[in-house]
Amino acid sequence: MSAASRMRSAAEGEGRGTRHSPGAERSEGEPKAQPLLEVTDLVVEFRTSDGVVRAVDGLSYRVEAGRTLAIVGESGSGKSVSSLAVMGLLPPTARVTRGSAQLAGTDLLALRPRQHRAYRGERVAMVFQDALAALNPVHTVGYQLTEALRARRGLSRADARTRAIELLDLVKVPNAKARVKEYPHQFSGGMRQRVMIASALAMDPEVLIADEPTTALDVTVQAQVLHLLAEIQAERRMGLVLITHDLGVVAGVADDVTVMYAGSAVEQAPVGPIYAAPAHPYTRALLRSIPSTAGADRGTRRRLPVIPGRPPSPAARPSGCPFHPRCDVAQDLCRTAVPPLTSPAPARLSACHFAADVLANRPPRAAERRDDRPQAAETPTTPPFDEQVPGGDHE
Amino acid sequence: MSDAVNAAPTAPRVSASNPLAEAWRTLRRRPDTVIAAAVLLFFAVMAAFPGLFTSTSPRTCPIREARTTPQGWGGDHPLGTDALGCDVLATLVHGVRPSLLLAVVVVGVSLLIGVTLGLLAGFYLGWVDYLVSRTVEVFLVIPLLLAALLVLSLFKGVDLGAGTFNVILLPAVVLILFGWMPYARYVRASTLEAKNLDYVTAARSLGASDLRVMVRHVLPNAIGTVTALLPTSVAGVISAEAVLSFLGIGVRPPATSWGIQIEQGSQWVLGGAPHILLAPLACLVATVLALVVLGDALRDALDPRLAA
């Protein structure tokens, strides 16, 4: 499989230029390509002392070969749990109660544990957030890189060593030959994350799920690691699922974005359009709350808009639209009716009753005015030293 | 300049190239380790070749020479004689083999049983854990002496022979039967902790089987607490054997052991012959201390986090 896919990637390698302006010709309308991984209507529930809690509620997404899907959300939005479900690594208290995850025609979620294990690492692999914790301190890096290969493919010790050095070279760890014999604690944070990535790539998986791969790293190292991930993904035409809470990370490397809130997707779109014109108030609020230096040039200082309140606990989900208590354009309808994922424009999906209005950046039809909302946005979370705020608008 | 900067981190890397060489280097840097190793080697040689250390038979016991005080090297009884007139040095030397063998066998088998059960219980929980934990509790509440008496009555009249292993069979069975529980409890507790760590999930995400996750990833990180127990367990076994021999199920006579010697010698500490107790006690203390020191050094040398 790997050799063939590499050939393909060499032939189509030029196509990668679309990265920063994807939406245009690639995924307008129905995607033509067969998705590598297609998650449909995933529901994951946890048994807790307070009863059953839904961590993931009807999530769907698809990953195609050679494309990167970013799943963005605050902590607790279910983004990590959904990927653990796909991997079959949920803790014993959690259960997948609905949905499917099709990987090349096989529903991973319907597999028995033993069969699911055969897919892990081979077809779909995972990179974890904290590489120091995710590497076993008592084994050398070389051992951990090739443990699966030796166990599953019966590689000899010498072959495994060669392969480990290859893998370290692949993720650009300098002096790979000497470093395979070292232990994780002898590596720096960025190098450890590279080792983590290398071990996930050891068996040439088709889909790589990276769960906040750069959160534990310095900003400069973050960029390097992301760049490396993007490069490897393009080279091998893997499907990459990048889980993150950082929209800045998304902009650089993703092709498509799924924004999650309270266990379900609120907006799905190619990365370019979603930045240009978000179709969900939550996405819009997230984008507005990214600090930017643009204001400094103009000599004006404005308070950074924040999203008031906090994400709902999965145990106490608001009625209607889960985002309505924090939404700046919420209407009466939002308090009672759960908005379905609708398509306000080609290739766009948004779970908002007023998606078309939000996309067009105009007040919702039913809304009279939104005058009192910016006040609500200034709840005590904002720092007191700022000057007068001219509304909450950034446009 | 940049060369010097580049060279600095590579220097320790070269020395770390061979983990065995590195372990040896760490050991050598600590003289206490060398002394401890020498002590253990000394007793090992004594166990293998008792003839090198004494030509007297421990079974020649002229009662008129009872409780002779130590005469120093060159005398007939360098360490004196015991209450029955047997040579203390000879008893000591011939007691090394059963004593150490018993300690090694008991600690080794208990460790094997305890670690296996503890690992399974902590890893799978559910009914496996229920079964193991209740069994541990049952064995913990049965008094050792009661159980020893039971085993004694079970094996009464059974001729076990006089081979090296045969003489320690009874005390070994009793001590293993009641010695594995602490290991199981410690390993279970640290397995519960280790199995939820990220690297275990990471190993699973690469398709590792349960067995591989347990043996390669959980166990090496869960065994630490238990290794600290081992040296003191050895001492415990040797002295517990003395109690068992008092009941008649210790090392089978005519073989002797340090435990028996200590037990007998303790009666004469205030009776003018403290050497009967002190000689075997000193050997026991030396062995245990050596094990403690070696255990520490081994842990430091093998744990990559501490070696740095």
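Predicted model: local features only at pLDDT ≥ 70, side-chain atom pairs only at ≥ 80, totals over all residues.

Trainee: Good. Where does A:Phe128 lie in chain A?
Mentor: A:Phe128 is in the loop that links β6 (124-127) to α4 (131-134) of chain A.

Trainee: Buried or exposed, that A:Phe128?
Mentor: Buried, because 23 other C-beta atoms lie within 10 Å. The cut-offs: 20 or more other C-beta atoms within 10 Å of a residue's own is buried, 12 or fewer is exposed, and in between is partly exposed, with C-beta atoms placed from the backbone.

Trainee: And which residues is A:Phe128 in contact with, leaving aside neighbours within four places in sequence?
Mentor: In its own chain, A:Ala134, A:Met196 and A:Asp211; across in chain B, B:Asp198 and B:Ala202. Contact here means that two C-beta atoms, placed from the backbone, lie within 7 Å.

Trainee: How many residues does the contact take from chain A and from chain B?
Mentor: Chain A gives 27 residues and chain B gives 21 residues. On the chain A side, α3 (113-119), β6, α4 and α5 (141-153) each supply at least two residues. The largest share of that side is from α5(A), with 3 residues.

Trainee: What's the make-up of that side of chain A by class?
Mentor: It has 15 nonpolar, 5 polar and 7 charged residues. For the classes, Ala, Val, Leu, Ile, Met, Phe, Trp, Tyr, Cys and Pro count as nonpolar, Asp, Glu, Lys and Arg as charged, and the others, Gly among them, as polar.

Trainee: Switching to chain A on its own: how many helices and strands?
Mentor: Chain A has 16 helices and 11 strands, and 45% of its 395 residues count as buried. The "domain: ABC transporter" annotation, from an unreviewed UniProt entry, covers residues 37-287 of chain A. UniProt positions are given in the numbering used here, feature names are shortened, and annotations may be inferred rather than shown by experiment. Over residues 37-287 the chain is 41% helix and 28% strand.

Trainee: I was looking at β3(A). How many of its residues are buried?
Mentor: For β3 (residues 68-72) of chain A, 5 of its 5 residues are buried. A:Thr68, A:Ala70 and A:Val72 point one way, while A:Leu69 and A:Ile71 point the other way.

Trainee: Which strands does β3(A) join up with?
Mentor: Strand β8 (residues 239-244) of chain A pairs with β3(A) in the parallel sense over 5 bridges, and A:Ile71 has A:Ile243 as its bridge partner there. Strand β9 (residues 256-261) of chain A also runs parallel to β3(A), joined by 4 bridges, with A:Ala70 opposite A:Val257. Two strands pair if DSSP finds at least two bridges between them.

Trainee: What about the open sheet of 4 strands, what order has it?
Mentor: The order is β2-β1-β4-β5 in chain A, with antiparallel pairing. β2 (51-63) and β5 (106-107) are at the edges with a single partner strand each, so one side of each is left without a neighbour in the sheet. Between β4 (residues 94-103) and β5(A) there are 2 bridges, and A:Gln102 has A:Asp107 as its bridge partner.

Trainee: Then α12(A): why is it largely enclosed?
Mentor: Because 6 of the 8 residues of α12 (residues 281-288) of chain A are buried. Among them are A:Tyr282, A:Arg284 and A:Leu286. The cover includes α10 (247-253), β9, β10 (264-270), α11 (271-276) and α15 (355-359) of chain A.

Trainee: Last one, chain B: which residues does the "transmembrane region" annotation cover?
Mentor: The unreviewed UniProt entry gives residues 34-53, 100-126, 138-155, 161-180, 222-249 and 276-298 of chain B. Residues 276-298 are 100% helix, with end C-alpha atoms 34 Å apart, whereas residues 161-180 are 45% helix, with end C-alpha atoms 26 Å apart.

Conventions:
Residues numbered from 1 in each chain as written. Chains lettered and ligands numbered in written order.
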